Amino acid sequence: MLTLFHFILGLCLGSFIVCTAERLSSNQPVWGTQRSICPNCRHQLRAWQLIPLLGVLLQRGRCHDCQQPIPLQSSLVEGLCGVLVATSTGPLTTALPLIIGYLVLIFNSLTDYLNYDVYPLTLITPAALGLWQQRPNLDIGFYILLVLIVTLYLLARLTPTFGLGDVDVLLMLGCLATANAILTSLALASTAALVFFILGSSKRRLPFVPFISWGFILVTQLVGPT
């Protein structure tokens with residue numbers, strides 16, 4: 001029963017994350033009183049249509065008013081957040097920083113994908129909680145990661161190759177997991193980004209935060225943050 005509650009809580013948080021990211025990326029007020037609208041027919045969605053996952057299922061994947069297919073992005077994010085919150089185990093003080101870190105990563109992945117924006121202020125809370133829980137292990141991996149972050153910072157300042165938002169995200173991850181876990185995540189992210197860049201037909205700049213997030217979530221879920 002507790003796992004089900006966590007899953008539903010994760011669904012609701014995922015729905016909020018998607019709504020906030022989409023509104024910020026389209027310059028709409030986040031705290032507006034008007035409910036979301038269908039992007040096709042512009043009809044204001046009813047309350048039951050906004051229920052995470054269930055609303056889409058009740059509509060059979062199509063808008064209740066215009067019958068156009070509903071994009072799966074929101075449902076996938078909601079489901080991912082639900083699974084991540086439900087599967088996080090251990091004491092709250094141990095699990096909370098990582099859970100908040102996951103949610104912040106997903107939010108910034110969406111804003112980076114939609115509009116190449118990263119919101120550094122959202123990274124502060126999980127980073128502070130992670131540092132409060134444990135101090136970084138000053139091993140060889142830590143110094144390799146430190147050199148890498150400094151190098152990426154210089155690249156971001158001197159060239160358009162790497163964004164400062166990506167560096168901010170890596171700094172937050174450094175407060176949540178060991179350097180070895182982050183380096184593994186970054187290797188996976190870089191490989192995936194390279195494959196997408198080679199195979200992709202679009203010449204648009206590739207947002208990197210979604211790849212960092214994917215690598216970090218995969219590594220920490222499979223082997224843990226240590």
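At what angle do the axes of H8 and helix H9 (residues 209-223) cross? In this predicted model, the two axes cross at roughly 135° and come within 8 Å. The domain assignment divides the protein into domain 1 (1-87) and domain 2 (91-225).

**Domain 1 and domain 2**

- The C-alpha centres of domain 1 and domain 2 are 25 Å apart.
- Domain 1 contributes 15 residues to the contact, and domain 2 contributes 13 residues.
- About 1200 Å² is buried between domain 1 and domain 2, with 81% of that area on carbon and sulfur atoms.
- On the domain 1 side, the residues that lose the most area to domain 2 are Ile17, Ser25 and Leu84; together they account for 41% of what that side buries.

**H8 with H9**

- H8 passes H9 in a crossing that is right-handed.
- From H8, the residues that meet H9 are Ala181, Thr184, Ser185, Leu186, Leu188, Ala189, Ala192, Ala193 and Phe196.
- Their counterparts in H9 are Phe211, Ile212, Trp214, Gly215, Phe216, Leu218 and Val219.
- Sorted by class, the contact of H8 with H9 holds 13 nonpolar and 3 polar residues, and no charged ones.

**H6 with H8**

- Helix H6 (residues 140-158) and helix H8 (residues 179-199) have axes that come within 8 Å and cross at roughly 45°.
- The crossing in which H6 passes H8 is left-handed.
- H6 makes the contact through Gly141, Phe142, Ile144, Leu145 and Leu148, while H8 supplies Ala179, Asn180, Ile182, Leu183 and Leu186.
- Of the residues in the contact of H6 with H8, 8 are nonpolar, 2 are polar and none is charged.
- Leu186 of H8 takes part in the contact with H6 and is also among the H8 residues that meet H9.

**H5 with H7**

- Helix H5 (residues 121-133) packs with helix H7 (residues 164-176) at an angle of about 25°, and their axes are 7 Å apart.
- Because angles under 35 degrees count as roughly parallel, H5 and H7 are described that way.
- H5 and H7 have a left-handed crossing.
- The H5 side of the contact consists of Leu123, Pro126, Ala127, Gly130 and Leu131.
- The H7 side consists of Asp168, Val169, Met172, Cys175 and Leu176.
- The contact of H5 with H7 comprises 8 nonpolar residues, 1 polar residue and 1 charged residue.
- Under that classification, Asp counts as charged and Gly as polar, and the contact includes Asp168 of H7 and Gly130 of H5.

Technical notes:
Residues are numbered from 1 along each chain as its sequence is written. This is a predicted model: local features need pLDDT of at least 70, side-chain atom pairs count only at pLDDT 80 or more; totals for chains, interfaces and linings use all residues. Side-chain values use heavy atoms; hydrogens and water are left out. Axes are lines fitted to C-alpha atoms, for helices over the stretch in contact, and angles run from 0 to 180 degrees between N-to-C directions. Helices (H or I, at least four residues) and strands (E, at least two) are DSSP runs, numbered from the N terminus. A crossing is left-handed if the near helix is turned anticlockwise from the far one by less than a right angle, and right-handed if clockwise. Contact means heavy atoms within 4.5 Å. Domain bounds come from an automatic or database domain assignment. Buried area is the accessible area (1.4 Å probe) that two parts lose on being put together, summed over both. Angles under 35 degrees count as roughly parallel, over 145 as roughly antiparallel, 65 to 115 as roughly perpendicular and the rest as oblique.
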